[in-house]
Every structure is written in C-alpha cells, then in structure tokens.
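The following explanation leads the reader through one protein model. It moves from the overall fold to individual contacts.

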Amino acid sequence: MAANNNMPSTLDKEQIFGMAEKEMEYRVELFNKYKESELNMGENSCIDRCVSKYWHVTNLVGQLLGSGPSGRPPM
C-alpha cells in the first residue's frame, strides 16, 4: 500500500480487481453447475436459511464498518 492516506497503489488496485473478477467467475461457474432442480426441498430450505443469515450478518458488518471510530452504526 502507498504511504499517503493509506490509499492502495495502482498495482494493489489491479490485484484487487483481478481477485474480484476471479471470484465472480467462480461464483458463476458454481451457480451454473448446481441447478435448483438438483436439490431436494430440505436442502433448499436449509440453503434459504443459511443465505438469509449470511446477508443479515453481512449487513450488520457493513453498518459497523461504516460507523467510524465511535463503534456505533450511522443514523
């Protein structure tokens, strides 16, 4: 990382975008590999609960990260 204002360097940005692009490729590949018809009702229900919890926690972490040094979520 560059020393000024903790901003990532151009190389760091390229690496970050490269990793994000690779992650999306993997997600698309896995999404296309496992079609919903291959899961039974119990598996679908389990996945729905898990995904719901994942997004809930992701939202909470985003709020905490955006809260600043006070540690409280923004109003």
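The model is predicted: local features need pLDDT of at least 70, side-chain atom pairs count only at pLDDT 80 or more, and totals for chains, interfaces and linings use all residues. Residues are numbered from 1 along each chain as its sequence is written, and side-chain values use heavy atoms, with hydrogens and water left out.

Helix H1 covers residues 10-33, and helix H2 covers 41-65. Of the 75 residues in the chain, 4% count as buried. Here buried means under 20% relative accessible area, exposed means over 50%, and partly exposed lies in between (1.4 Å probe, protein chains only). The chain exposes about 7,100 Å², of which carbon and sulfur atoms supply 63%; accessible areas come from the Shrake-Rupley method with a 1.4 Å probe, and for residues only the protein chains shown count as cover.

A salt bridge is defined as a side-chain nitrogen of Lys or Arg within 4 Å of a carboxyl oxygen of Asp or Glu. By this rule there are 2 salt bridges. In one, lysine 22 pairs with glutamate 25, and the closest N and O atoms are 3.4 Å apart. Both residues lie in H1, 3 residues apart, or about one turn of the helix. Lysine 22 is partly exposed at 39% relative accessibility, and glutamate 25 is likewise partly exposed, at 40%. In the other, glutamate 23 pairs with arginine 27, with 2.7 Å between the closest N and O atoms. Glutamate 23 and arginine 27 are separated by about one helical turn because they are 4 residues apart in H1. Glutamate 23 has a relative accessible area of 38% and so counts as partly exposed; arginine 27, at 46%, is also partly exposed.

The next feature is the largest pocket, which holds about 490 Å³ of space. Its lining comprises 13 residues, and those closest to its centre are Phe31, Tyr34, Leu39, Ile47 and Val51. A pocket is an open set of points on a 1 Å grid over the protein atoms alone, where a 1.4 Å probe fits, with protein on both sides within 12 Å along at least five of seven lines; lining residues have an atom within 4 Å of a point. Grid points are joined across faces, edges and corners, and the volume is the space filled by probe spheres set on the points. H1 and H2 each supply at least two residues of this lining, and H2 gives the largest share, 7 residues.

Finally, a disulfide is a pair of cysteine sulfur atoms within 2.5 Å, and by this rule there are 0 disulfides. Cysteine 46 is in no disulfide, its nearest cysteine sulfur being that of cysteine 50, 6.6 Å away.
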